[in-house]
Structure formats: structure tokens, C-alpha cells
Amino acid sequence: MKLYEVFLRAKSGLSHKHVGSVHATDAQMAMQNARDLYTRREEGESIWVVDSTQIISSNPNDKAAYFEPAVDKIYRHPSFYPFDKEVKNI
Amino acid sequence: MSAEYNYVLNLADNTLILGQRLSEWCGVGPFLEEDLALTNTALDIIGQAKMLLEFAAELKDSDDSADDLAFMRDQHEFKNVILVEQPNGDYSQTLLRQYFMDVYHLHLYTALSNSKNEQLAGIAAKSLKEVNYHLERSDLWIKRMAHGTEESFNRLQASLDKLWHYHHELFEESDELTELVEQGIAADPKQLKELWESEVNGLLSSTPLKIPQTGWKATGGRVGNHSEYLGLMLCEMQFLQRAYPNCEW
């Protein structure tokens, strides 16, 4: 059986989030299994399933080159601005 | 008992016994995801049984509750069709029985959602959403097994040879039922049979599966004459209430 990654959108306006994975023999079964494993308690209103082999992931060995140069550049973060109370999900 | 009570009790028992049978797979399914998916189906169907039994209890002229109907009746008082009490067998047999019942329930609940009896119409409309999904699942499984390996095909063909004769009972007619159909309360068994056959024959004829032609038809469940399997099943299902009457969770 193949492995599929499952992404759920909790409500419209938000983006899909990775919630886990399922085993299935084909895409339709993956969609149904995702529905049965991850949405029984109103967790979402939209599902994506992606064949796990289709995901291209970064190499753990590249961690220093990829991510560490950002650590000391706090001016890149929008953390010096107050947010309006109405603005959510940022 | 009123004709309406008998009708609702048949629908209730079909779902109760089917739900109980399906729940026997809980924890021993072929793989984790499928185990959970089939258990979800079982829970949905037991939920339908609960609604129908509560309604039946209201229609019955006695103090019996839905629980009394489920756990304190004897085998001959159950009105389910013999198909649903058949053992689970292998997965092809469970899923073929499920497919037969899902197609039946889809058309049954579609018709009943327009019933003149509002309570029945409400239960049907609520259940219809669940059944749509159950059928999507069982339909795909039948196609997968029919077009799968030689082993899956042979197993499914053996299940079809075994179960085919039991579906006729779903569409049995009676004077009492005809009257309810004329009153706009019950679904017309003739129409249901037509819809069921066209859908099931449509799927089966798209596969190399062969429908058995023996002509034998199971009958009797609706009047309480069951196969040897129901009693054994009830022993397990009713054990707790029988051994400790009125015990609560």
C-alpha cells in the first residue's frame, strides 16, 4: 500500500494544514481514509491528499545553510508593528 | 400492532442487526485505516437504528423503550431481513452485503424523505447523507475486488454466489405494506426493486462477475423466521441486559 499525506482546511479563508498520513491503494481510497480518520469531529471542510513520494523535502544536512542565516536578522520580522485586534490568523 | 409499527420495526431491525454485525470487525479489520472506516460505518448505522427504534417505541402501545426493543426481544420478534444477520465471512462477503444494503438504503431513504409521516421523513433525510458516503465506499471496494487479483475476484464471486439469494427479501410485498404505500407513508417495494436491480446489475455487468441463476430466494425474516445465525448473535448482543437487567453505563 502507498502512503499519502493529508492536508485539512479547518474553514474557508484558511489554508490547508498538514495533519498526518494514511495508507491506501489508490487516490480515491486515500481520500476516503483521510475523511474517516481526520474529519469525523468537524475538524475540516476541505481535504487534500498527496502521494507522499511527490513531496520534495529539504535535506536535514542543509539546515545551517538554509535556515541559520535568518537567526540574527530580527528586522526581517514584522514584529515592530502593533496588529489591529480585528486581524486574525497571522 | 399497527402496520406502521411493523414497517418501522423492519427498518430498525435491518439497521440494528447490520450495525452489530459490522461492529464485529472493530479491531480486527484488514488494516488500520479500513478498520476505522468500517467502524465509522457501523456507528452511523447503529445511530440510524437508534432513531428508528425510538420511533418504533413511540408507535408501540406499551412502555417499551428503544433499549427494550433492542435488548429484550427474542429472535422470532426480530423483523430484519435474513441478509443482514449473515456472518461477516471474509472481507468480500462483508463488503458485498454492505453494498447490497447501501444501494437499498440509498433508494429507501430517498423515497422516505418524502413520506407523509414527518418523523419518518426526518429520520430518512438525516440518514441519507451518511448512506451516500457508505455507498461511495462499498461501491469502490466491489470494483476494486472485482478487477483486482485472481484471489480477490474468486472471493468476491464466492460471496456473490452465497449472498445473491438474500436480496429479494428486501422487496417483499404484503397487503399491509401496500396500504402504507398508498397512504404515502412507506416506500414502494416495486420501485425500490427496480432502482436496486438497475444499479446493482449495472455495476456487476461492468465486471466479469456472474450472477447466480438458481432462482432460490430466502424469505421469512420479516415475519420472524430467521436463519441459525441470528440467535447466536443476539446472545452476545443482549447478554449484558439479560444478565443484569436495567444496568446502565
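Analyst: Here is a quick tour, chain by chain and then the contacts.

Analyst: This is a predicted model: local features need pLDDT of at least 70, side-chain atom pairs count only at pLDDT 80 or more, and totals for chains, interfaces and linings use all residues. Residues are numbered from 1 along each chain as its sequence is written, while chains are lettered from A and ligands numbered from 1 in the order in which they are written.

User: Which pattern does chain A follow along the sequence?

Analyst: Chain A reads β-β-α-β-α. Helices (H or I, at least four residues) and strands (E, at least two) are DSSP runs, numbered from the N terminus.

User: Why is chain A more spread out than a compact globule?

Analyst: Its radius of gyration is 18 Å, well over the 12 Å that the globule rule gives for 90 residues, so chain A is more spread out than a compact globule. The radius is taken over C-alpha atoms, and the rule is 2.2 Å times the number of residues to the power 0.38.

User: And the box its C-alpha atoms fill, along the principal axes?

Analyst: Roughly 45 × 40 × 15 Å for chain A.

User: Switching topic. How many residues of chain B are in contact with chain A?

Analyst: Seven, and they meet nine residues of chain A. Contact means C-beta atoms, placed from the backbone, within 7 Å.

User: Which element of chain B gives the most there?

Analyst: Helix 2 of chain B, with four residues. Helix 2 covers 32–59, and helix 6 of chain B also gives two or more.

Note on methods. Two residues are in contact if their C-beta atoms, placed from the backbone, lie within 7 Å.
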